[in-house]
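Me: Please examine the structure shown below with me. I would like to work through it in questions and answers.

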Amino acid sequence: MGDIREPLRELTECGLPQALEVMGERWSFMILRASFNGLHHFEEFLSELGIARNILSNRLAKLVEHGILKRDPCPDDRRKIEYRLTEKGFDLLPAMVALRQWGQKYGAEVIENPVLVDERDRLPIGPTSILSHDGRILGPADLHLVERANLGLRADGTKAKPGKALERGSVIELDARRKGRDAA
């Protein structure tokens, strides 16, 4: 990934250690998956996941503490609590999908049912990808680390400008991108 390496001993210089501190164990991901599947109540998590009560209580508290879930009183019974995903929690969806796809690719042979599809076409979603600022699909050879002061400075010395940001619903013409990459 270039000539520069991340300071691997410095846990504060990278978002990965902080993310793992919050999400780095199985039950946190399973609770998050259950939340994406519409579960909101302690008893639902308990029965659906088969998790011990004390572990569930601990993990829910941690997810709330870190702003991934929020606790709200139930509208129909104010004595009960609902756990709802926050924006921070919803932002974990790409990581969840990427881990799911990785597990399907390298794990035991599992025939997925139900299948995760896109809402419009109801066809299976494509593989989670790393995208450049302008929507190009990147692989390991395309990734490099640079000092912040050198952002946009290309290897040939020219300066790049950020492309138009992709938005939810943006369509990327994969075939055209592949042809352009293959021609280069």
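Predicted model: local features only at pLDDT ≥ 70, side-chain atom pairs only at ≥ 80, totals over all residues.

Me: On how wide an arc around the axis do the buried residues of helix 6 lie?

Reply: The buried residues in helix 6 are Met96, Val97 and Gln101. They are on the same side of helix 6, because the arc that they cover around the axis is only 130°.

Me: Which residues are exposed on the other side of helix 6?

Reply: Exposed means a relative accessible area over 50%, whereas buried means under 20%. Met96, Val97 and Gln101 of helix 6 are buried. On the other side of helix 6, the exposed residues are Trp102 and Tyr106.

Me: Against which element do the buried residues of helix 6 pack?

Reply: The buried residues in question are Met96, Val97 and Gln101. Their packing partner is the element at 26–36, helix 2.

Me: Is Arg122 buried or exposed?

Reply: Arg122 is placed in the loop between helix 6 and strand 3. Its phi is positive, about 60°, although Arg122 is not a glycine. The cut-off for exposed is over 50% relative accessible area. Arg122 has 52%, so this residue is exposed.

Me: Where is Leu166, which makes a nonpolar surface patch with Leu131 and Ile137, found in the chain?

Reply: The patch made by Leu131, Ile137 and Leu166 has an area of about 210 Å². Leu166 has a relative accessible area of 36%, so this residue is partly exposed. Its place is the loop between strand 4 (137–138) and helix 7 (174–183).

Me: In what order do the elements of the chain run from the N terminus on?

Reply: The chain holds seven helices and four strands. From the N terminus on, their order is α-α-α-α-β-β-α-α-β-β-α.

Me: What share of the residues in the chain is buried?

Reply: The chain exposes about 14,500 Å², of which carbon and sulfur atoms supply 54%. Buried residues are those under 20% relative accessible area. Of the 184 residues in the chain, the buried share is 19%.

Notes:
Residues numbered from 1 in each chain as written. Heavy atoms only, no water. Patch = residues over 30% accessible without salt bridge, like charges linked within 9 Å, V, L, I, M, F, W, Y side chains within 5 Å. Areas by Shrake-Rupley, 256 points an atom, 1.4 Å probe, with all protein chains shown as cover. Salt bridge = Lys/Arg side-chain N within 4 Å of Asp/Glu carboxyl O. Helix = DSSP H or I, 4+ residues; strand = E, 2+ residues; numbered from the N terminus. Buried < 20%, exposed > 50% of the residue type's maximum accessible area, 1.4 Å probe, protein only. Arc of directions from axis to C-beta. Contact = heavy atoms within 4.5 Å.
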